[in-house]
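Trainee: I would like to go through this model term by term. Please set each value against its cut-off.

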Amino acid sequence: MLLGMNWEKTLAAGRRRTARALLAVSLAVGGPLPAGAQDSRLAQPVAPPSAEHPLAELFSGYRYQSVPVRRMQDHDIRNPGMLWYDYGAKLWSLADGEAGKSCADCHNVAEKAMRGVGARYPVFDAAEGKLLSLEQRINLCRTLNMKAPPWDWGSDELVAMTAYVRAQSRGMPVRVKIDGQAAALFEAGKAYYDRRRGQLNLSCAGCHQFSAGKKLRATTLSQGQSNGFPAYRISAERAVSLHQQFQQCNRRVRAAPLALGSDAYVNLELYLAWRGGGLAVETPAVRN
Amino acid sequence: MSRLSRSRRSMLAASLVGAICIAVGGTQGGLATMVPVAPPPPGAPDQPCRAGTGEVAGYRLSPGTTLAKSIEPPLAGHRGDPERGVRWAVSPQHGHCIACHEIPLLKERIKPDQPDSKRRFGYHGTVAPTLEGVAARFSEGELRLLIVDPRAVLPTAIKPAYHSLDGLHGVAPACAARPVLSAPQVEDIVAFLKTLK
């Protein structure tokens, strides 16, 4: 008996139209039933972008999540990160700043204008003369074009807009440029990655290159890829930007975290994006 | 409600399902009610780098038998307690040895009537070799060296140095100029490892 109704009698009495309508409503709202081939694709290995790569094959963090966590990411209606995506979509059309413009006024429809953008950041901006992460590019648009104050790095607004913009490249392979003026900054990011730090004297590589797939207490160590960020972290109960994740990693090895948006973190972000080149953008990913 | 016709009840059920789905899915709106995750309060018990004096005990390296080097005398003459050593070995704020090492003997401490015992002793990492029988493979001095500063014999190992400040970089201010483990804590763990024959 469900909702006080005897379903067998309902169907037998010929009210099939009602039963089918209710089933259709529940399926439409709950999303399509999980397809085995579709949700295991993200766990498959990807060939590294070049022969000179520290990893033999690339795995998204998706691979290291349990099935219930993967299911959360597989369907937008179950993915808590989509709350930030929705907020970003709302902010896209909201006028802000002295110029009285919204993102939509210049960029029109995000699905078209922002497609591919999230897959190629960070980018060396010649006009600014520096390497920019996506968050910095968004804030640059706000200050230069919208005459609006920049959003704080850890704010829901900036995480939401970054997630919304990057998610327009969902499914596309990450591909960043590390030549020209970005080359030296790429090397700086790589040096940061390989350097031991903190009271525990651990480097990013120690866990995410040499120990990926092994367990650290109860957690399976991933390759530390960035293709899903901003990601919904279950342990933080919120969507977090990549730099906030860097700060968390620093704290875990009892190292002093750097400022969000610092040059060292942007350089590291470039190195990570190259290191995960070819993985599909999964923003907003769900990670534990 | 019981006197409603079957078709009226169907429509009521359908609208209830729809209303519940909209309520769960949420309406589009700001996230002003999201509460950020607060950091732990300073000085809270069992916070890393809050315990002990932070001093590093002096020691001298001697030749080992299985390993090239060892540290023979106990640090600052402390006498280790193996039971306290178990506590440092499983605590994330202290040695947290089982973050990387399996210690099979600890599984005997999982008791059904102690709900916390599964959490404390039931999970271990696989980054590093098992510590089963480690006392049969290494001398006491070698075990001490492997905790105090394994870099002396394993320069490329991931393992931290638990009682040394040499060569550390970018340490968090709360932990600056403090070793991970105090000298008594090192001796407690050595005493515990000696029971793993």
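**Values against cut-offs**

Mentor: Start with A:Asn201, which sits in the loop between α10 and α11 (204–208) of chain A. Helices (H or I, at least four residues) and strands (E, at least two) are DSSP runs, numbered from the N terminus. This is a predicted model, where local features need pLDDT of at least 70, side-chain atom pairs count only at pLDDT 80 or more, and totals for chains, interfaces and linings use all residues. Residues are numbered from 1 along each chain as its sequence is written, chains are lettered from A and ligands numbered from 1 in the order in which they are written, and side-chain values use heavy atoms, with hydrogens and water left out.

Trainee: Why is A:Asn201 called buried?

Mentor: Buried means under 20% relative accessible area, exposed over 50%, partly exposed in between (1.4 Å probe, protein chains only). A:Asn201 has a relative accessible area of 3%, so the residue is buried.

Trainee: What is A:Asn201 in contact with, leaving aside its neighbours within four places in sequence?

Mentor: Contact means heavy atoms within 4.5 Å. By that rule A:Asn201 is in contact with A:Arg196, B:Arg151, B:Ile158, B:Gly167 and B:Leu168, its neighbours within four places in sequence left aside.

Trainee: Why does A:Leu268 count as buried?

Mentor: A:Leu268 has 4% relative accessibility, so it counts as buried. The residue lies in helix α13 of chain A. Neighbours within four places in sequence aside, A:Leu268 is in contact with A:Gly189, A:Tyr192, A:Tyr193 and A:Phe246.

Trainee: What is over the face of A:Tyr192?

Mentor: A:Arg197, at 3.5 Å from the ring centre. A charge sits over a ring if NZ of Lys or CZ of Arg is within 6 Å of the ring centre and within 35 degrees of the ring normal. In chain B, B:Lys118 lies over the face of B:Tyr123, at 5.3 Å from the ring centre.

Trainee: How many aromatic pairs are there over all chains?

Mentor: The count is 8. Rings of Phe, Tyr and Trp (its six-membered ring) pair if their centres lie within 6.5 Å; planes under 30 degrees apart count as stacked, over 60 as edge-to-face and the rest as tilted.

Trainee: Why is the pair of A:Phe186 and A:Tyr271 called tilted?

Mentor: The ring centres of A:Phe186 and A:Tyr271 are 5.6 Å apart and the planes are at 50°, so the pair is tilted. A:Phe186 lies in helix α10 (residues 183–194) of chain A and A:Tyr271 in helix α13 (residues 263–275) of chain A, so the pair ties together parts 85 residues apart in sequence. Both A:Phe186 and A:Tyr271 are buried. Ring pairs link A:Phe186, A:Tyr193, A:Tyr271 and A:Trp274 into a cluster.

Trainee: What do the buried residues of α12(A) pack against?

Mentor: They pack against α9, α10, β5 (231–233), β6 (238–240) and α13 of chain A. The buried residues of helix α12 (residues 242–252) of chain A include A:Leu242, A:Phe246 and A:Asn250. Just after α12(A), A:Arg254 takes a positive phi of about 60°.

Trainee: At what angle do the axes of α5 and α9 of chain A cross?

Mentor: Axes are lines fitted to C-alpha atoms, for helices over the stretch in contact, and angles run from 0 to 180 degrees between N-to-C directions. The axes of α5 (residues 82–92) and α9 (residues 156–167) of chain A come within 7 Å and cross at roughly 90°. That makes α5(A) roughly perpendicular to α9(A). Angles under 35 degrees count as roughly parallel, over 145 as roughly antiparallel, 65 to 115 as roughly perpendicular and the rest as oblique.

Trainee: Why are α2(B) and α6(B) called roughly perpendicular?

Mentor: The axes of α2 (residues 82–90) and α6 (residues 183–193) of chain B cross at roughly 105° and come within 7 Å. α2(B) and α6(B) are therefore roughly perpendicular to each other.

Trainee: How do the two chains compare in outline?

Mentor: Chain A has 13 helices and 7 strands, and chain B has 6 helices and 2 strands. Buried residues make up 50% of the 288 residues in chain A and 35% of the 197 residues in chain B.
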